[in-house]
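I opened a new notebook page for this chain.

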Amino acid sequence: MISLIPLWLGGLATVLGAFGLIWVVSLARRDASIVDIFWGPGFVLATAVYAWSAEGWAPRETLVLVLVSLWGVRL
């Protein structure tokens with residue numbers, strides 16, 4: 001059994017790091033609208049971190065990652 005706290009913190013750190021970097025780029029470009037482009041990929045990134053970090057049934061993790069990726073690309 002895995003502990004959910006480190007898994008949760010790993011996903012949070014990844015998403016905060018990615019969006020922090022995007023925020024810095026938006027400050028440099030003086031264009032906050034670029035953040036909107038990264039919402040979908042942000043969900044895909046978080047799902048990928050959780051899928052690769054968690055223990056579980058690999059086909060189910062892969063299915064969830066594929067479905068979230070399709071949804072993220074749509075955004």
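I noted the ground rules. This is a predicted model, where local features need pLDDT of at least 70 and side-chain atom pairs count only at pLDDT 80 or more, while totals for chains, interfaces and linings use all residues. Residues are numbered from 1 along each chain as its sequence is written, and side-chain values use heavy atoms, without hydrogens and water.

Next I checked the fold. I found three helices and zero strands in the protein chain. Helices (H or I, at least four residues) and strands (E, at least two) are DSSP runs, numbered from the N terminus. The C-alpha atoms fill a box of roughly 45 × 25 × 10 Å along the principal axes.

Then I looked at burial. Of the 75 residues in the protein chain, 23% are buried (under 20% relative accessible area; exposed is over 50%, partly exposed in between; 1.4 Å probe, protein chains only).

I turned to contacts (heavy atoms within 4.5 Å). Among those between residues at least 6 apart in sequence, 56% join residues at least 24 apart.

Last, I looked up Y50. Y50 lies in helix α2, residues 39–53. Y50 counts as partly exposed because its relative accessibility is 31%.
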